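Dear colleague,

I am passing on the structure below, together with some notes on its pockets. Please read them alongside the coordinates when you have a moment.

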Amino acid sequence: MSKSSVNLPNPNLDTMPSDFLYHLDINVENTQDTSDIQQRFGDVRVVLTGGTASRMRELALYMRKVLGVSDQSDPVDLCERGHRYAMYKVGPVLCVSHGVGSSTFSVVLHELLKLVRYARCQDPVFLRIGTCGGLGVPPGTVVVTKDAFNGLLRNEHAIAILGKLVVRPAQFSEDVIKDIMKYGADPSDGFQTISANTMGTECFYEGQGRTDGAICEYTEKDKMEFLQKCHDLGIRNIEMEASMFASVTKKVGVKAGDVCVTVVNRLQGDQVTVTMDQKHEFERRPFLVVGRYIKKLLSQNL
């Protein structure tokens, strides 16, 4: 199968003499000769993203084991001077934090997409791991997103651009989903990995129908009716990034997947009641799933 580099739908990038990826603190000094960027990042095959810097550092250490990297030194944050996001490189894998929600994720996602373009990475796969609320599944369930729904329960992402609402479809790559389920899930794990739809909202509290936020203008009955409607649409988890992530990667033609672990069953309550030790163990479950997938991806050129 022939490989290809990333072509982004922005003609302005072809005429910019330089491009400072501000939030990553990476300066592309000469866009016509990116040999330095290619040398640093050209081998990247997978971009792994997740919420916090500490989780990405832990993921980088885990990926060393998965890829058989013998480096025992402390992982180096390549974006430390930027004070916004963290980035660790483990061979052909980048582990990058994206903060909470679509707004902070979209900033770093745009710059990461430009980075792999300038580095001429071949067929990069973008993945997100994280925690989420479950919907009719027990805490600790790993959900691999199929279609991403927004807070209006539409399989799309809407963004205001130049004063106009632009709506784009929000689906993840079918072959990535299939391969994650085939090579990443393992019945002997002791937890369930499923493929289902996800709702990505703009707000953790009201946007997800919680009744324990600072504002609540609906009843418990209203909330449960909404959550049941979500469940009827095949939605099994709720988070704050999936619809934006799916729509942007689909728009630019980059393969992507979203793998999250549930920490609460919203049909049984709003509060996260698992202990911090349980939460930490749950957070490592997507590590296992994406680790197996990435190992297979790199060895078989899926």
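Sorted by class, the residues that line the largest pocket comprise nine nonpolar, seven polar and four charged ones, and please keep in mind throughout that this is a predicted model. The volume of this largest pocket comes to about 490 Å³, and among the 20 residues of its lining, those closest to the centre are His110, Arg168, Val248, Lys251 and Val252. Three elements, namely α3 (102-118), β8 (156-161) and α6 (242-252), each contribute at least two residues to the lining of the largest pocket, and the largest share comes from α3, which provides six residues.

Turning to the second largest pocket, its space amounts to about 410 Å³, and its lining is made up of 22 residues, with Val100, Thr131, Cys132, Phe204 and Glu241 lying nearest the centre. Here the elements that supply two or more lining residues are both strands, β6 (125-134) and β11 (235-239), and β6 gives the most, with six residues. By class, the lining of the second largest pocket divides into eight nonpolar, eight polar and six charged residues.

With best regards

Conventions. Residues numbered from 1 in each chain as written. Predicted model: local features only at pLDDT ≥ 70, side-chain atom pairs only at ≥ 80, totals over all residues. Heavy atoms only, no water. 1 Å grid on protein atoms, 1.4 Å probe; cavity = no way out; pocket = protein on both sides within 12 Å on 5 of 7 lines; lining within 4 Å. Points joined across faces, edges and corners; volume = space filled by probe spheres on them. Helix = DSSP H or I, 4+ residues; strand = E, 2+ residues; numbered from the N terminus. Nonpolar A, V, L, I, M, F, W, Y, C, P; charged D, E, K, R; others polar.
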